[in-house]
Amino acid sequence: MQVRRRSPQVTTGPSAVVLAVLIAVLTGCLAGGSTAAGTARPPHVPTSARGAPVTAVLALTGNAPVAGPGVAVLAHLGGIGAEVVRAAPATLRTLRRDARVAGLRTDAPVRTSTASVDSSGTGVFPGNGSAHRPGDRRLAGR
Amino acid sequence: MAVVDTGIADTPALNRASGRLVDGVDTSGLAAGGLSTGHEVDTEGVFSDGFGHGTFMADLLAGGAVPGVDTGADRGLGVALGARVVSVKVADDGGVTSLSAVLAGLDWVASHRPIDVVSLSLAADRPGGAYGADPLTMAVRHLRHAGVSVVVAAGNTAGEVADPGFEPQALTVGAADTTEKAPSVAPFSGAGVVHGVQKPDLVAAGVHLQSLLPADSEIARSYPTAQLPSGLWRGSGTSQATAVTAGVVAMYLGAHPGASPAAVSAAMRGAAAPMADSRAGAGMLAVPGSADVPDVDVGTLDRQALWADGWDAPGWVQALNAAWSTDVWTATSGSSNPWSAKSWSAKSWSAKSWSAEPWDDGVTGR
């Protein structure tokens with residue numbers, strides 16, 4: 001049983017290996033397969049190490065860093081209760097059930113919210129477009 | 001106030017020499033995998049703008065006079081002429097950014113008060129098919145809790161609201177077309193009801209707004225015909241409307257120092273001119289006047305703003321958790337590398353986001 005494709009930053013101790021073995025056995029049993037030697041299937045890979053690592057962002061329930069076997073913490077963003085980590089998808093799936101994690105999401109593209117740069121004609125200055133007339137309305141009771 | 005964008009270049013209207021533009025942080029390296037390769041977040045240097053978007057927004061927000069350009073009597077290019085703008089650069093010169101880079105920028109803001117307004121003209125795809133909490137919306141909540149008003153674009157997809165614009169505690173802004181006598185909601189402006197909360201909160205001018213771009217920026221090079229004879233450039237989107245609104249928020253805070261984000265949101269919504277269009281939220285942005293708020297204490301305003309507290313209702317939280325724990329993992333488990341910065345090039349969003357075509361093919365008649 002080997003843990004494969006481990007990032008150099010990932011910490012894995014003896015307890016992690018034991019845990020990985022347990023997860024692998026449980027996963028194999030739940031899937032109805034066999035982990036016994038001698039089958040034609042390839043050696044079972046611990047769930048926590050399956051798949052190439054991906055970068056994900058965790059939203060934390062508290063402010064303590066979420067570190068653990070198979071999880072490389074790339075940045076702890078304590079001001080906004082988040083953490084950027086890198087781990088195998090299966091490990092992230094396990095993290096999702098961690099009480100310290102409110103939720104998580106793989107890193108994703110973010111784009112600006114401009115619809116277009118317009119190529120001709122006139123335009124408006126922002127103040128001219130905001131129809132500002134101070135005091136001509138009152139708070140509407142929301 | 002902080003402009004979380006592609007950086008900000010010096011222009012005649014807003015520049016570092018004036019002291020009104022300062023550099024905060026550059027996290028753009030993270031979008032290209034910097035965290036994985038040991039890149040540091042940069043907090044020293046000039047975080048200029050090779051793409052152009054952030055400069056355009058900053059000048060809309062706080063740009064002063066432009067030599068040779070008549071912006072109207074006693075007016076500048078932007079809204080809040082006395083505001084001090086902090087550049088929080090989260091995208092590189094190709095306009096590339098990522099969730100982690102934006103979050104790192106917001107984290108920097110959280111630890112650098114007295115920044116009290118964030119202008120966020122950015123949008124991520126929703127985390128799955130349903131609206132739900134994610135790290136970006138959680139970051140907005142953290143900032144708001146810390147006393148920072150977060151002004152967010154509704155996004156440019158009609159009929160839906162972008163992430164984090166759908167966050168109830170954000171002041172979400174749609175775009176209005178103010179080029180005609182009667183303002184109307186721009187056809188591209190995002191809108192929707194998210195778990196009972198109407199978004200956007202309001203709309204602001206966001207069609208054909210004039211501002212500045214660095215001459216050598218990606219946008220300027222790609223769309224040279226977008227420059228007007230005056231030297232200014234025109235742009236449309238909820239980004240622009242967000243910058244305008246952030247400027248008004250800065251003005252409001254100048255007059256009401258220490259107002260809570262809830263009070264700010266309530267004041268903005270209360271001052272807005274109602275429009276007969278649900279996509280406009282409370283209506284068209286206006287600067288809250290003396291009659292809009294002074295006879296209502298902040299505590300009352302906080303309660304009035306409790307439309308956002310629907311977020312904390314058990315059902316709401318349950319719905320959010322369900323939304324982001326299912327769909328996200330569908331994507332994650334199916335791919336070992338669902339996204340990399342390389343796949344998100346400037347080219348991929350220039351076609352849709354920056355093309356002049358949507359506006360010059362008859363949508364507005366211009």
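Biologist: In chain B, what share of contacts between residues at least 6 apart in sequence join residues at least 24 apart?
Modeller: For chain B the share is 76%, a contact being two C-beta atoms, placed from the backbone, within 7 Å. This is a predicted model, in which local features need pLDDT of at least 70 and side-chain atom pairs count only at pLDDT 80 or more, while totals for chains, interfaces and linings use all residues. Residues are numbered from 1 along each chain as its sequence is written, and chains are lettered from A and ligands numbered from 1 in the order in which they are written.

Biologist: And what is that share in chain A?
Modeller: In chain A, 59% of the contacts between residues at least 6 apart join residues at least 24 apart.

Biologist: What is the confidence like in chain A?
Modeller: The mean pLDDT (the predictor's confidence per residue, from 0 to 100) is 62 in chain A, and 51% of the residues reach at least 70. Helix α1 (residues 14-30) of chain A has the lowest mean, 40, and strand β3 (residues 82-87) of chain A the highest, 90.

Biologist: Where does it stay under 50?
Modeller: Residues 1-48 of chain A do so, with 56 contacts beyond four places in sequence in the model. Residues 131-142 of chain A are also below 50, and that stretch has 29 contacts beyond near neighbours in sequence. Where pLDDT is low, the predicted coordinates should not be read in detail.

Biologist: What sheet do the strands make in chain A?
Modeller: Four strands of chain A form an open, antiparallel sheet in the order β2-β3-β1-β4. Because β2 (72-77) and β4 (101-106) of chain A each have a single partner strand, they stand at the edges, with one side lacking a neighbour in the sheet. On average, neighbouring strands are turned by 25° against each other, direction ignored.

Biologist: How many bridges join β2(A) to β3(A)?
Modeller: Five bridges join β2(A) to β3(A), where pairing takes at least two by DSSP. In one of them, A:A75 partners A:V84 of β3(A).

Biologist: Where is A:P65, and what does A:P65 touch?
Modeller: A:P65 sits in the loop between β1 (54-60) and β2 of chain A. Leaving out residues up to four places away in sequence, A:P65 touches A:V73, A:H76 and A:E83. A:P65 has 16 C-beta neighbours inside 10 Å, so it counts as partly exposed. From A:P65 to A:A88 is 23 residues in sequence and 18 Å in space, C-alpha to C-alpha.

Biologist: Back to chain B. How many helices and strands are there in chain B?
Modeller: Chain B has 11 helices and 13 strands.

Biologist: How do α2(B) and α6(B) pack?
Modeller: Helix α2 (residues 53-62) and helix α6 (residues 238-255) of chain B pack at about 35°, their axes 7 Å apart. Axes are lines fitted to C-alpha atoms over the stretch in contact, with angles from 0 to 180 degrees between N-to-C directions. α2(B) contributes B:M57, B:L60, B:L61 and B:A62 to the contact, and α6(B) contributes residues including B:A243 and B:G247.

Biologist: And α6(B) with α7(B), at what angle?
Modeller: α6(B) meets helix α7 (residues 261-271) of chain B at about 115°, with 11 Å between the axes. B:V249, B:Y252 and B:L253 of α6(B) make that contact with B:V264, B:A267 and B:M268 of α7(B).

Biologist: How many residues of α4(B) are buried?
Modeller: In helix α4 (residues 135-145) of chain B, 10 of the 11 residues are buried, so the helix is largely enclosed by the rest of the structure. Among them are B:R141, B:H142 and B:R144. After α4(B) comes B:G147, with a positive phi near 100°.

Biologist: Which residues do cis peptide bonds join in chain B?
Modeller: One joins B:D163 and B:P164, with omega about 10°, and another joins B:K199 and B:P200, with omega about 5°. B:P164 is in the loop between β6 (149-153) and β7 (171-177) of chain B, while B:P200 is in the loop between β10 (197-199) and β11 (202-205) of chain B.

Biologist: What about phi at B:H208, and is that residue buried or exposed?
Modeller: B:H208 is not a glycine, yet its phi is positive, about 60°. B:H208 lies between β11 and β12 (209-211) of chain B, in the loop, and counts as buried because 23 C-beta neighbours fall inside 10 Å.

Methods: Helix = DSSP H or I, 4+ residues; strand = E, 2+ residues; numbered from the N terminus. Buried ≥ 20, exposed ≤ 12 C-beta atoms within 10 Å, placed from the backbone.
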